[in-house]
Amino acid sequence: MSNSDRYGFIGLGLMGNHMATNLQGYLSSKNLDPLIVYNRTLTKTQNITKIGAIAAKSLKHVAEYSNIIFTALSNDNAVNEVYEELLKEFNQISDDKRNLIFVETSTIYPTSISDLRKKVESVENRKLLHCPLLGPAIAAKNAQLLIVTSGNQNAIDHITPLLVPVLGRKILSLGDDVKAGASFKLLANFMIGGSLELLSEGMTFAEKNGIEKEQFLEYITLVFPNTPIMHYGKKIKEESFMDEDNIGFTVANALKDVGHIQRLAKDSGTHLPTAELLHKHLNYVKENVRDDIDWSSICGTLRVSSGLPFINKKTQDDTD
């Protein structure tokens with residue numbers, strides 16, 4: 001990074017909001033120019049502008065004042081739409097000699113990011129990195145994410161001081177191929193989703209056999225401390241997946257990622273029966289409950305198929 005760099009951030013969802021907040025905090029601590037933040041819903045910029053960031057009213061504003069831009073968006077279509085508009089704005093800046101680095105952190109399909117890289121890097125002074133994030137929202141808030149890096153190594157080296165320790169605790173380098181970065185993120189999500197499937201079955205199995213959830217969670221805490229299994233085990237025990245304050249990864253987003261996982265498995269000739277099961281259970285929640293609740297709610301699917309209510313009566317009464 002350089003003192004002449006200006007930083008932009010596009011997309012202030014759950015993860016993006018925490019990341020942008022940490023970036024602004026770092027820039028302030030170094031007396032550097034403030035972060036330019038953009039979100040289509042302008043009200044989502046308010047918390048970050050309170051600590052010194054500048055809210056852009058358009059992508060044109062981001063293009064005019066930033067040369068290193070982070071994007072954290074919901075899906076492939078959103079990424080393509082934002083970059084199409086953003087690149088259009090950059091192309092209208094005459095004689096722009098700035099070295100531009102785009103740091104795309106969203107979970108998207110491998111060919112989506114490789115196609116986007118071709119568009120971005122058709123101009124010599126532009127580089128596109130794919131740096132997907134591994135970890136829940138609380139890890140983003142506490143700058144404890146694992147960050148995958150892929151793309152031009154010189155550009156990665158340039159932004160590394162912003163990645164660790166500002167946004168995360170460790171970098172996992174996947175080399176120049178941005179498709180590898182995207183594939184790695186899908187693999188990571190598959191492992192967490194598979195663990196969630198196993199955990200949902202185990203919790204339901206315990207309940208059907210008279211074992212208290214607290215007892216089973218104590219075992220999980222002792223054997224799998226500080227892991228997603230413990231994190232989601234607590235959510236399932238408390239059945240807090242409908243509580244807005246506890247929603248980390250929605251059923252809708254999980255369905256998007258599992259769809260990408262299944263597509264990549266098909267393209268690579270890989271049989272992933274767990275992904276098929278996860279997709280089935282997520283779809284059940286979407287079709288019979290809602291798709292804006294936490295994906296740990298798939299446990300309710302196992303409960304129903306085992307003769308139990310989707311959530312137990314006490315939890316249901318508490319949420320009424």
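A crossing of two helices is left-handed if the near helix is turned anticlockwise from the far one by less than a right angle, and right-handed if clockwise. In this structure, H8 passes H12 in a left-handed crossing. The structure is a predicted model, in which local features need pLDDT of at least 70 and side-chain atom pairs count only at pLDDT 80 or more, while totals for chains, interfaces and linings use all residues. Residues are numbered from 1 along each chain as its sequence is written, and side-chain values use heavy atoms, with hydrogens and water left out.

Helices (H or I, at least four residues) and strands (E, at least two) are DSSP runs, numbered from the N terminus. Helix H8 covers residues 178–208 and helix H12 covers residues 273–288; the two pack at an angle of about 70 degrees, with their axes 10 Å apart. Axes here are lines fitted to C-alpha atoms, for helices over the stretch in contact, and angles run from 0 to 180 degrees between N-to-C directions. Angles under 35 degrees count as roughly parallel, over 145 as roughly antiparallel, 65 to 115 as roughly perpendicular and the rest as oblique. H8 and H12 are therefore roughly perpendicular to each other.

On the H8 side, Phe190, Gly193, Gly194, Glu197 and Glu201 meet Thr274, Ala275, Leu277, Leu278 and His281 of H12. Contact means heavy atoms within 4.5 Å. Sorted by class, the contact of H8 with H12 has four nonpolar, four polar and two charged residues. For this sorting, Ala, Val, Leu, Ile, Met, Phe, Trp, Tyr, Cys and Pro count as nonpolar, Asp, Glu, Lys and Arg as charged, and the others, Gly among them, as polar.

Lys213, Glu214, Leu217, Ile220 and Thr221 in H9 meet Ile229, Met230, Gly233, Lys234, Ile236 and Lys237 in H10. The contact of H9 with H10 has five nonpolar, two polar and four charged residues. In the loop between H9 and H10 lies Asn226, which has a positive phi of about 55 degrees although it is not a glycine. Asn226 is exposed, with a relative accessible area of 72%. Buried means under 20% relative accessible area, exposed over 50%, and partly exposed in between (1.4 Å probe, protein chains only).

Most residues other than glycine have a negative phi, and most peptide bonds are trans. Ala143 also has a positive phi, near 55 degrees, and is found in the loop between helix H6 (137–141) and S8. Ala143 is buried, with a relative accessible area of 12%. The peptide bond from Val164 to Pro165 is cis, with omega near 10 degrees. Pro165 is found in the loop between helix H7 (153–163) and strand S9 (168–173).

Strand S8 (residues 145–149) contains Thr149, which counts as buried at 1% relative accessibility. Not counting residues up to four places away in sequence, Thr149 touches His130, Cys131, Ile156, Leu163, Ile171, Leu172, Ser173, Leu174 and Gly175. With a disulfide taken as a pair of cysteine sulfur atoms within 2.5 Å, the count comes to zero disulfides.

In helix H5 (residues 110–120), the residues Pro110, Ser112, Ile113, Ser114, Leu116, Arg117 and Val120 are buried. They pack against helix H4 (76–91), strand S5 (100–104), strand S6 (126–130), H8 and helix H11 (251–267). Lys256 has its place in H11. Lys256 touches Ser74, Asn75 and Thr107, not counting residues up to four places away in sequence. Lys256 and His279 are 23 residues apart in sequence and 9.6 Å apart in space, C-alpha to C-alpha.

Ala63 has its place in helix H3 (residues 59–65) and is buried, with a relative accessible area of 0%. Leaving aside neighbours within four places in sequence, Ala63 is in contact with Leu86, Glu89, Phe90, Ile93 and Arg98. Ala63 and Lys88 are 25 residues apart in sequence and 9.4 Å apart in space, C-alpha to C-alpha.
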